[in-house]
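This report examines a predicted model.

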Amino acid sequence: MRIYLKVIWISLSLGMLITGCSDSGTTAIENIHLVPMTSETVIRNQTVLIKGDRIVEIGAAGSTRLPGGCNVIDGQGAYLVPGLADMHIHTRDDWRTEAWPVSPLALFLANGVTTIRDFGPKGKTTTFPLRWREEISRRTLDGPWIYASGEKLYASPADDAAGQVRRNHSQGFDFQKIYSYVSPGDFKTAMTTAKELKFYTAGHIPFQLGLAKTLFYGLDEIAHIEELDFEFITFDRKKQLPAKQWLPYVVSQAMRHYDMRSGFNETEFRARFSPTLSDIIQRIKTSDTPVCTTLSVGDTIVKKLFQASWFRARPENKYMPKTYWQAFKQGREKHQQQFRGVENLALFKYELEKLLLRELHHAGVTLLLSTDCGTGRMGIAPGFSIHDELRILVENGLSPYEALYTGTVNAAHVVAKMGGRGDFGTIAIGKRADLVLVQGNPLENIGAVRNIQGVMAAGKWYDKLRLAEMTALKRK
Ligand SMILES: [Zn+2]
């Protein structure tokens, strides 16, 4: 009996080998229009060959020779774009449990997100994203490529700022995240250590430092456009406050100085703040500091506060964890609490962030497509949020090509700066085979990126049916 079963098992495996993938190990995606992102162009009627996790050949349909036994995917005239990166997310150790209706790892893939960068894991340990990355690279787990920061330097006094940076570095993380409540002393120590180790740094602008000092000490990247809001507020940066009291203090100062009840008036704002605005943009531009956009946050805050029933009925929101909706119904959700009684502040700040986005883009600052999803605490649906972010970028003056650029070419550029292989983000020979097949030309209409026909992540193909299975909600 045991031998009999073994024979069946062997023949099943062989059968899968022959039908699923070929002995040449090569896959061809045929009959596609290529959006390579190497320039603003569409190359019509192409074939792309993939071997292992790499793109090995690109050529005109008809004149590209397919190796014998090659696995062929018919693109049926769809557009092939590089996989997208969400450059600011948070992993959580419960993603793969019942806490989430569907694992965000699957949601990312189903939305064409083939790279994520973790800005601080939430869970019992901080090293689980490294284990997941290992599993994904061994193909025992389906998910996007993960870059990760490990434990963030959160507040001062830090136990041992230098030690923490060293630990994250030696554990194999890709960068150090620094948060709002770090003192100038700890910040300097962390930055000096990071520079010694050639370890990339990204984060908030600590309240006690402000933008100028943060850039002076060499923070490599700013984690949100939102961080720049605080530059317009006058407050005492030398104040000694516990972490939790900083934000209420700064907000109270903002409310004292400006009347936000009548909303955001760009002309008035510019009349009052244009020197500050140009100073901010100039500093970021001249220091060549990339900035994560994460405007999905502001967009989501405004929607949940002012269009709550629409927000709750949003199709992608059924993928949020149950605990999120419990908190929401009870009015205990993060932003419901933060903006209670000061709802207009949310509107004001989102308008300001969109103005900052337009200015940063106009100045040619490196923007990074990112949505701050994954915590399950803010109502931002992993994967889906990338399409919101792209829409917001295009609504604020980026062309569809420029918007895609922030989540492909710019993402790869920054990964290379972090010391990784920035070998993704364009469709070119030798690049990692991270590809998204979409219906319609995304360079004409960014919304086309939502019409996903299939996704390839590091050479592994997921067709539409497979993606639907992976993201199917279990019936209650
Ligand atoms: Zn974040």
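## Strand pairing around S9

Strand S8 (residues 153–155) pairs with S9 in the parallel sense, over two bridges. Within this pairing, Tyr-181 of S9 is the bridge partner of Ala-155. S9 also runs parallel to strand S10 (residues 200–203), to which four bridges join it. Here Gln-176 stands opposite Thr-201 in S10.

S9 spans residues 175–181, and six of its seven residues are buried, so the strand is largely enclosed by the rest of the structure. Together with helix H5 (residues 184–197), S9 and S10 make a right-handed β-α-β unit.

## Helix H16 and its cover

In helix H16 (residues 409–417), the buried residues are Asn-410, Ala-411, Ala-412, Val-414 and Val-415. Their cover includes strands S5 (84–89), S6 (113–118), S7 (145–148), S11 (221–222) and S13 (367–368), as well as helix H15 (400–406). Just after H16, Gly-419 adopts a positive phi of about 95 degrees.

## Contact between the domains

The domain assignment divides the chain into domain 1 (27–82 + 431–470) and domain 2 (84–417). Their C-alpha centres lie 31 Å apart, and 21 residues of domain 1 are in contact with 22 residues of domain 2.

On the side of domain 1 that touches domain 2, at least two residues each come from strand S4 (71–82), strand S15 (452–457), strand S16 (460–463) and helix H17 (464–470). S15 gives the most to this side, with three residues. By class, this side of domain 1 has 15 nonpolar, one polar and five charged residues.

Terms used. Residues are numbered from 1 along each chain as its sequence is written. This is a predicted model: local features need pLDDT of at least 70, side-chain atom pairs count only at pLDDT 80 or more; totals for chains, interfaces and linings use all residues. A residue is buried if 20 or more other C-beta atoms lie within 10 Å of its own, exposed if 12 or fewer, and partly exposed in between; C-beta atoms are placed from the backbone. Two residues are in contact if their C-beta atoms, placed from the backbone, lie within 7 Å. Two strands pair if DSSP finds at least two bridges between them. A crossover is right-handed if, with the strands pointing away from the viewer, the path from the first strand over the helix to the second runs clockwise. Domain bounds come from an automatic or database domain assignment. Ala, Val, Leu, Ile, Met, Phe, Trp, Tyr, Cys and Pro count as nonpolar, Asp, Glu, Lys and Arg as charged, and the others, Gly among them, as polar.
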